[in-house]
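Good morning, and thank you for coming.

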Number of protein chains: 4
Amino acid sequence: MFTGVGTAIITPFDKETNVDYNSLKTFVKYQLDNGVDSLIVLGTTGEAPAIEEEEREKIVNTVVEIVNKKVPVIVGTGTNNVNHVLKNNKLAESAGADGLLIVTPYYNKSTQKGLVEYFKYISERTTLPIIMYNVPSRTGMNINPETAVSIHENCKNVIGVKEASSNISQIVELFSIKPDSLKVFSGNDDQVLPIMSLGGDGLISVTSNVALKSFVELTHSILNNDLEKARKLNNQFMKLNKLLFKEVNPIPVKYAVSLLGLCENVVRLPLVKASQETEKLLKEEMERLNLL
Amino acid sequence: MFTGVGTAIITPFDKETNVDYNSLKTFVKYQLDNGVDSLIVLGTTGEAPAIEEEEREKIVNTVVEIVNKKVPVIVGTGTNNVNHVLKNNKLAESAGADGLLIVTPYYNKSTQKGLVEYFKYISERTTLPIIMYNVPSRTGMNINPETAVSIHENCKNVIGVKEASSNISQIVELFSIKPDSLKVFSGNDDQVLPIMSLGGDGLISVTSNVALKSFVELTHSILNNDLEKARKLNNQFMKLNKLLFKEVNPIPVKYAVSLLGLCENVVRLPLVKASQETEKLLKEEMERLNLL
Amino acid sequence: MFTGVGTAIITPFDKETNVDYNSLKTFVKYQLDNGVDSLIVLGTTGEAPAIEEEEREKIVNTVVEIVNKKVPVIVGTGTNNVNHVLKNNKLAESAGADGLLIVTPYYNKSTQKGLVEYFKYISERTTLPIIMYNVPSRTGMNINPETAVSIHENCKNVIGVKEASSNISQIVELFSIKPDSLKVFSGNDDQVLPIMSLGGDGLISVTSNVALKSFVELTHSILNNDLEKARKLNNQFMKLNKLLFKEVNPIPVKYAVSLLGLCENVVRLPLVKASQETEKLLKEEMERLNLL
Amino acid sequence: MFTGVGTAIITPFDKETNVDYNSLKTFVKYQLDNGVDSLIVLGTTGEAPAIEEEEREKIVNTVVEIVNKKVPVIVGTGTNNVNHVLKNNKLAESAGADGLLIVTPYYNKSTQKGLVEYFKYISERTTLPIIMYNVPSRTGMNINPETAVSIHENCKNVIGVKEASSNISQIVELFSIKPDSLKVFSGNDDQVLPIMSLGGDGLISVTSNVALKSFVELTHSILNNDLEKARKLNNQFMKLNKLLFKEVNPIPVKYAVSLLGLCENVVRLPLVKASQETEKLLKEEMERLNLL
């Protein structure tokens, strides 16, 4: 699908919390201009659950149009209702997107056996390639390594997994049993170096919303076996990564993008703005990194 | 709202996975005939995320009609999209329901400060009393004790919390800081005795789908300070409680209700039927308890 | 062994960190005068791992002598070396102690099967009754409910378990499968009401070092089925319980006892004194509770 | 201290559970002959807590003598009693050991501030270099990244940390804030690739008791920036790593070494032999890897 950095882009809102399509266009151009390898639209960072159906269509269309096939556009279409996922997938197909990011069912959850059935049902109903998304801290459930492999074997268009389990032993095990054809992407900015060292293809990133060039450099260094350079960049951005998750993502990153002048500092419920303390620390760190 | 047992009822499906309204009617009557204190419709046990909007309306109307004010009908209306919650709430109001069970945002999550804003926004837009639902293992987030109290103080119709955090120290702390007007319900069948001993009003139960009489007796024993009787019943049903959660709820309880002849053993995706092993153990335990 | 409150007493040190036997005598008398039901000597609260062998002997002898059979004296003799446990047990026997509190192996840990062998080996070599101690947050391992029952069945003098797993579902399950002859004691002050409501015999307490009378009243209220009174006391002392564990126990309780004038505020390495913030909060709360 | 693989060697016992010094000598020679970079004596894998003082002296002397300065000999001297640590350290110095591996206090635990005091007290009383050992799953406590750095800054002979927290985000953070002079060693075989990719110097290994050559190759590949080769070896040995921790370490590895004919399959209490199932799986995997 891609190697390097895919930015899980924020969805800009105006002060009345309407989707700000102009800012969206500008932000996508900004990402393209700075060398992004892929764009992930309407992920958690894009506040997907707070986006209504009609907005979803317009957002995806807008991004696909601006990107104009320069890089793959991957749409987050997972929900916890299989019919809604199918509907989201159709919309992504119509818009001309290049791939789908589909999280496991959350809240209602499923069993490992149920996961295979779930992804089979979905993958048989779309022509687009799918990246599974494993994020137990949000979903309450895990994709076990054998299950990831089984889904890949049963669903020819499930071609990757975004791993955000933070369980490094599990991730190591996944690499040891998976075929080459199943790609692994780090779903956590701070874990990109360990996961790509294990053989991961790239990072689906929050931090690259505001520090894209360095994360392109970081991920490509690892792809080029240049560990020394990768370590240096990785160490340099660790504090920013940490601050961007000091409150529930995308609360801090929305503020960070607003500091760049690329969106308003506006989130939708159930999210609320970051505390002044978080904002202060974030601004200081971005200044230290010469991002402002 | 109620004291004793509120059953979080399953939603019966026919073999083609359509909602089976006749079975639903029969099942609600069965619950009323066996002394249930309240009915919770379209909770997780009712597979709410897999129910479409038009079905939701018909299900709630059906239950409210059959119950006919004999016991309170509480509708699970929580989602992770605030507008959908408002829509679900309107529908519950129109149908004549008596209360709302609203889970915290899941998957997108929120901060503690965000939770207060979220429940304020929702509670100001409904006339019905609300029970918050805290279930971190499904939602990825927790309602801290001080937050629960703050929500209650800021939202006059948030009158209770369904506690399913399994964090007993937190629950004890909640009792020590909350006003009497904030009711606590155990959200875990196996924790009803400890939580009601601390002063909880009742249990929102999965097991009472199939073992209602004993759970009425159990909860009312605690309300009557008869710990000896409560312990005996509690110990007796512990294995059944455990088996009903051997796979993701409501997978096992759907099978258990089907054994009573009150629904088909049919769940919707992302869930799939229980393993044969789980079904075997469950059937044996129900036989041992003379439930079959 | 006992019902009600057993205080896990601190070991007083003088300013040079020598054991202060005079303060120890005074403190034991203070506990007896205030109605303690049992004394646990050289538990974690007594900083057992930091006590040398010759001190151990003198401490146990001192306590047994002062107590003079008024209440049971239970000696913490568990380590992670079985020979040292045997030696500690002999010493407790010689001193005339009434029982042993033996924690599972920690750090080196064991399997469930290993636990049975371990307690068999130990229990066959002492005449004293044994309470097992389950505290996974310190030991890195758990006593599963079936294992606790199996140990009890295989070792006739293992008569109880101090449960500090904080896993309330596990504790409920233990009550449902254990024989009456296996006693359960809460190992956490804040969990005494839930655990005794389930049928526990008492509490092995840290807080009762400084708030004994209220904890005697609290535990005896539950034994007398007076839940209302128990809840009131429980709620009242929750904040103190919490503050006493704000830093690693027994750091805060040592300070709290020193405020009563009953010991110096001195701990041995690896422990160090509480922060000023913790001490300030603790003092304020003790004043609020009229303990000072 | 060393780069590459340090084997945390088992302590061989005869059938009567006496230390088998002849097997120990043979085993150390076997490790030297197969290219080990360092030997760690009397770690957890060496069942240190079950070794008596007089045995400790003889074991360390035996290993130091056989090794004869060919590689560094590091002695595990941590306990949860500071005086015993000092005594163990003296013994290691007298024997001519090259370094100390000192775990944080376990069971009694400490605070972060206490950790600094603890390591200061110890490091000021020895001339040998010290590697701190962080293993929360055994000790119940963590060394926070800032604390590790603070200890290093306060104690000039604390030169490294064996990281076995399994918390990859924490480990990444540690690399981002530590000076070059503080070395990091993976304390988990399955995490060697991610941790050394981050810049770790080596691995303190259990698996290398039985698969040394491959682990030398694996670690040196990473040191030489040859990620491709490292990944291949890492994937190949993942299942063996996992099986060696199927029961509490060193239960399975003792069996594995016995299959090589280098020791009896004998452990001391609190450990007991592996189950037949574990032994069967382990033997099969070792055969698959041509280790037998």
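Predicted model: local features only at pLDDT ≥ 70, side-chain atom pairs only at ≥ 80, totals over all residues.

**Chains in contact, and a buried helix**

Across the interface of chain C and chain D, the rule finds 16 residue pairs in polar contact, both residues of each pair being at pLDDT 80 or more.

By class, the residues on the side of chain C that touches chain D divide into 18 nonpolar, 12 polar and 7 charged.

Let me turn to the extent of this interface. In terms of residues, 37 of chain C are in contact with 37 of chain D. In terms of area, chain C and chain D bury about 3,200 Å² between them, and 60% of that lies on carbon and sulfur atoms. Which residues of chain C lose the most area to chain D? They are C:Y107, C:L269 and C:P270, which together account for 25% of what that side buries.

I come now to symmetry. Two copies of a chain are related by a rotation about an axis and a shift along it.

The next interface is that of chain A and chain D. Here 22 residues of chain A are in contact with 22 residues of chain D. The two chains bury about 2,100 Å² between them, with 55% of it on carbon and sulfur atoms.

How many salt bridges does the rule find across the interface of chain A and chain D? It finds 2. In one salt bridge, D:E173 is paired with A:K242, and the closest N and O atoms are 2.7 Å apart. The rule also finds 12 residue pairs in polar contact across the interface of chain A and chain D, both residues being at pLDDT 80 or more. On the side of chain A that touches chain D, the elements giving two or more residues are α7 (168–177), α8 (192–197) and α10 (227–243) of chain A. That side of chain A has 9 nonpolar, 9 polar and 4 charged residues.

Some pairs of chains do not meet. No contact joins chain A and chain C, and their closest C-alpha atoms lie 18 Å apart. Likewise, chain B and chain D are joined by no contact, with their closest C-alpha atoms 18 Å apart.

Finally, I ask you to look at helix α11 of chain C. Why is helix α11 of chain C described as largely enclosed by the rest of the structure? The reason is that 8 of its 9 residues, within the range 251–259, are buried. The buried residues are C:I251, C:P252, C:V253, C:K254, C:Y255, C:A256, C:V257 and C:S258. Against what do the buried residues of α11(C) pack? They pack against α1 (21–33), α10 (227–243) and α12 (276–288) of chain C. Just after α11(C), the residue C:G261 takes a positive phi of about 80°.

Methods: Residues numbered from 1 in each chain as written. Chains lettered and ligands numbered in written order. Heavy atoms only, no water. Contact = heavy atoms within 4.5 Å. Buried < 20%, exposed > 50% of the residue type's maximum accessible area, 1.4 Å probe, protein only. Helix = DSSP H or I, 4+ residues; strand = E, 2+ residues; numbered from the N terminus. Buried area = accessible area lost by both parts, 1.4 Å probe. Polar contact = N/O pair within 3.5 Å; in protein donor to acceptor, adjacent residues only side chain to side chain. Nonpolar A, V, L, I, M, F, W, Y, C, P; charged D, E, K, R; others polar. Salt bridge = Lys/Arg side-chain N within 4 Å of Asp/Glu carboxyl O.
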